Amino acid sequence: MTPGPQFPDDFRAALVNLFLWRRDVRRFKPTPLPEGALERLLGIASIAPSVGLSQPWRFVVVESPQRREAVKACFERCNAEALTAFCGERAALYARLKLAGLNEAPCQFAVFADHATEQGHRLGRMTMPATIEYSAVMAVHTLWLAARAEDIGMGWVSILDPAEMAAILDTPPQWTLIGYFCLGYPSQEHSVPELEREGWEVRRPPTIIVR
Ligand SMILES: Cc1cc2nc3c(=O)[nH]c(=O)nc-3n(C[C@H](O)[C@H](O)[C@H](O)COP(=O)(O)O)c2cc1C
């Protein structure tokens, strides 16, 4: 039997630091990612756990200026609509938030979950079809952490219309949108989430509920 790796104390400490400093990034330097970086990160994401080993994540890399403009227009419309849900000071605060780095991020991609995949032979998902989406989210989080370990920041954009995104990216009907992602080198480093710094919300201490 091949012995598994040993994870020393300094690795554990660095890993906690990685979790603490991961951040959702919306402010990017224009510097492009090095050749092969995206492919490497997508490869790491594909090691993520998935229901029945179905690997249902589908990555759509968005490079064409036309598609990027269409995604930006979709975000701007959805964001303007979202603003109308708030009033008073909360609306003023929402209007000031930067909720995407679509203008700056050198690398952008969408992630979908493929409900039509036969991989995994439906094991584990017959009673809970949403496990297909959960699996795709696992890949996203794996990529997010792996990117940060290479000093690359990632931002999740969910203020989008899934039907419009499917049309823009011309995806099969059985794919559901997980999110749109901006990747690049952060122009700022923070240990505190931007929404907390801006006064939108505070991160609470962990609570354990046992019933
Ligand atoms: C499912 C999901 C959707 C999100 N959508 C957005 C979004 O549309 N725009 C945005 O700025 N941040 C988005 N975020 C990032 C969160 O705002 C962020 O994770 C949270 O404020 C905590 O900050 P941190 O990731 O820097 O720790 C999303 C995060 C998740 C997990």
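Contact here means heavy atoms within 4.5 Å. Keep that cut-off in mind at each stop.

The model is predicted: local features need pLDDT of at least 70, side-chain atom pairs count only at pLDDT 80 or more, and totals for chains, interfaces and linings use all residues. Residues are numbered from 1 along each chain as its sequence is written, and side-chain values use heavy atoms, with hydrogens and water left out.

**Stop 1**

Select Leu41. Which residues does Leu41 contact, leaving aside neighbours within four places in sequence? They are Leu143, Ala146, Ala147, Glu150, Ile152 and Leu183.

Now widen the selection to the largest nonpolar core. A nonpolar core is a set of buried Ala, Val, Leu, Ile, Met, Phe, Trp, Tyr and Cys residues joined through side-chain atoms within 4.5 Å. Buried means under 20% relative accessible area, exposed means over 50%, and partly exposed is in between (1.4 Å probe, protein chains only). The largest core here has 26 residues. Select Leu41, Phe109, Val140, Leu143, Ile152, Met154 and Leu183, which have the most contacts inside it.

Four elements each supply at least two residues of this core: helix H2 (37–45), strand E2 (107–114), helix H5 (131–149) and strand E4 (175–184). These names come from DSSP runs, numbered from the N terminus: helices are H or I with at least four residues, strands are E with at least two. Colour H5 next, as H5 gives the most to this core, with 8 residues.

**Stop 2: H2 against H5**

Show H2 and H5 together. Their axes come within 8 Å and cross at roughly 135°. Axes are lines fitted to C-alpha atoms, for helices over the stretch in contact, and angles run from 0 to 180 degrees between N-to-C directions. The angle makes H2 oblique to H5. Under 35 degrees counts as roughly parallel, over 145 as roughly antiparallel, 65 to 115 as roughly perpendicular, and the rest as oblique.

The crossing of H2 and H5 is right-handed. That word applies if the near helix is turned clockwise from the far one by less than a right angle; anticlockwise is left-handed.

Show the side chains. On H2, pick Leu41, Leu42, Ile44 and Ala45. On H5, they meet Ala139, Thr142, Leu143, Ala146 and Ala147. By class, this contact has 8 nonpolar, 1 polar and no charged residues. Ala, Val, Leu, Ile, Met, Phe, Trp, Tyr, Cys and Pro count as nonpolar, Asp, Glu, Lys and Arg as charged, and the others, Gly among them, as polar.

**Stop 3: H1 against H5**

Leu18, Phe19 and Trp21 of H1 and Leu145, Arg148 and Ala149 of H5 make the contact. These residues divide into 5 nonpolar, no polar and 1 charged.

**Stop 4: two loop residues with positive phi**

Go to Arg23, in the loop between H1 and H2. Its phi is near 60°, a positive value in a residue other than glycine. Is Arg23 buried or exposed? Arg23 counts as buried, at 7% relative accessibility.

Next, select Gln55, in the loop between H2 and strand E1 (57–61). Phi of Gln55 is near 40°, again positive in a residue other than glycine. Gln55 is partly exposed, with a relative accessible area of 25%.

**Stop 5: Pro56**

Pro56 lies in the loop between H2 and E1. At 0% relative accessibility, Pro56 counts as buried. Beyond four places in sequence, Pro56 touches Ser50, Phe112, Ala113, Asp114, Thr117, Ile132, Ser135 and Ala136. Pick out Ala113: it and Pro56 are 57 residues apart in sequence, and 5.4 Å apart in space, C-alpha to C-alpha.

**Stop 6: Trp156**

Move to Trp156, in strand E3 (residues 153–157). Trp156 counts as partly exposed, at 26% relative accessibility. Leaving aside neighbours within four places in sequence, its contacts include Asp24, Val137, Trp144 and Tyr180. Trp156 and Val25 are 131 residues apart in sequence, and 8.0 Å apart in space, C-alpha to C-alpha.

**Stop 7: Thr176**

Finish at Thr176, in strand E4. Thr176 counts as partly exposed, at 27% relative accessibility. Not counting residues up to four places away in sequence, Thr176 touches Val111, Phe112, Ala113, His115 and Glu133.
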